[in-house]
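Have the viewer open while you read.

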Amino acid sequence: MSIAQLREINCASRLEHVRYAIRDLACIADEVANQGHKILPLNIGDPNVFDFVTPSHMIEAVYKAMRDGKNGYAPSSGIKPALDAIRGEAGRKGITTIQDIFITSGVSETVDICLAALLNPGDNLLTPCPDYPLYSAVLAKLDIGLNAYYLNEEDGWQPDLDDIRRKITPRTRGIVLINPNNPTGAVCTRAMLEQIAELARQHNLVIFADEIYDKLIIEDDPHIAMAEVAPDVPVITFGGLSKNYLAPGWRIGWGIASGEASVIKPYLDGVNKLLRARLCANHPEQYAIQAALDGPQDHLIEVKRKLRSRRDLTMQWCSDTPRVSCVAPRGAFYAYPRIDIPEGDDVFVTELIRQKHVMVVHGSGFGQRPGTKHFRIVFLPDEKTLGAAYSAIGEFMRERYR
């Protein structure tokens, strides 16, 4: 009896371009930690790692759902109390032309499903540069090439409209807008939203409005929803419990589809086909949605107080440190300093971990204009921890770039 020779089994070639810079640094950090060093993590936007606690009434709602036997499958689009609560929240945001709402396993799954339902081979999607790397990872998985438009650092990281216009092609199907932005902390103006909406009208684009940080505007300015500005345009608004409600590990996100019904319906049929194919999002955790959106919002006062203080400390450090400049973030909990150094920002962050045991993310992992170098700071830790981290980064820069 002959025995076939087993050969190496390779992964799909399209995965060559899948990157996720935020977690790809973990192997270097593990190496340093295994040497006995404590890592100061300023790399992952998880509030629960620091002094932020999931509101107790949300935990009670999930616990009660589990006790009441809500542990089987849920409807593919989500449970009715949660969908009703999201609809109410959308109304408070000024979204009036709602055509569908669906609940997903975090906004990551919302993105995955919505892009897969829209894009054919050869199509492209406009994504911001810098951007949250989930989008480029999903596009790589779908074998769709990047079509990135720049955010303008000289204009507070607002989208560069001229660059967007240049990059729209006959195969462009949509545009991603992250607002408030990760990694820059920028917040779009109404005028900017209106101009992007007009481009979407002219070119028949779907707008993917990632608004997961919409309640974390540091200066208490109102957040303006894209779907409120453009009720006629096909918009999928992304939201969830991870950031505003301090429950990232529950993996509960959602999409709110709005626009003209006749225009968006065929696309939503495809979205719902994929929703059914993956069964459902976490069932008992969906009972936290109504508790979160319709319940007390008191935790946001303290959350924003902490973020304001920690943002200000971060900006003071950037101002005081040679070779560093930074546009002040207005939302979320990220800063994206620019650095004037003679080597790549990927080398900068790698050596910073190895030498000073501080973990940030290189700007090239999010994308940036050629010739510029940045790194992303997560300013969630308390002031003492941030102070120690910034002192170590400053010392590293003095020693390396004197």
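## Aromatic pairs and the overall fold

Let's begin with F238: at a relative accessible area of 1%, it is buried, since buried means under 20%. Keep in mind that this is a predicted model. F208 counts as buried too, because its relative accessibility is 0%.

How many aromatic pairs are there in total? The count comes to 10. F208 and F238 are a pair whose ring centres sit 6.1 Å apart with the planes at 25°, so they are stacked; the cut-off for that label is under 30 degrees. This pair ties together distant parts of the chain, with F208 in strand 7 (residues 206-210) and F238 in strand 8 (residues 235-240), 30 residues apart.

Now for another pair, F348 and F396. Their geometry is edge-to-face, at 5.6 Å centre to centre and 70° between the planes. Here again distant parts of the chain are linked: F348 belongs to helix 13 (residues 345-356) and F396 to helix 14 (residues 383-400), 48 residues apart. Both F348 and F396 are buried. They also belong to one aromatic cluster, together with F375 and Y401.

Here are the two pairs side by side:

| Pair | Centre to centre | Angle between planes | Geometry |
|---|---|---|---|
| F208 and F238 | 6.1 Å | 25° | stacked |
| F348 and F396 | 5.6 Å | 70° | edge-to-face |

Zooming out, the chain has 14 helices and 15 strands. How does its radius of gyration compare with that of a compact globule? For 402 residues a compact globule would come out near 21 Å, and the chain has 22 Å, which agrees. Along its principal axes, the C-alpha trace spans about 60 × 60 × 60 Å.

What share of the residues is buried? Of the 402 residues, 56% are. The contacts tell you about sequence separation: take those between residues at least 6 apart in sequence, and 78% of them join residues at least 24 apart.

How values were computed
Residues numbered from 1 in each chain as written. Predicted model: local features only at pLDDT ≥ 70, side-chain atom pairs only at ≥ 80, totals over all residues. Heavy atoms only, no water. Helix = DSSP H or I, 4+ residues; strand = E, 2+ residues; numbered from the N terminus. Rg over C-alpha atoms; globule rule 2.2 N^0.38 Å. Buried < 20%, exposed > 50% of the residue type's maximum accessible area, 1.4 Å probe, protein only. Contact = heavy atoms within 4.5 Å. Phe/Tyr/Trp six-rings, centres within 6.5 Å; stacked < 30°, edge-to-face > 60°.
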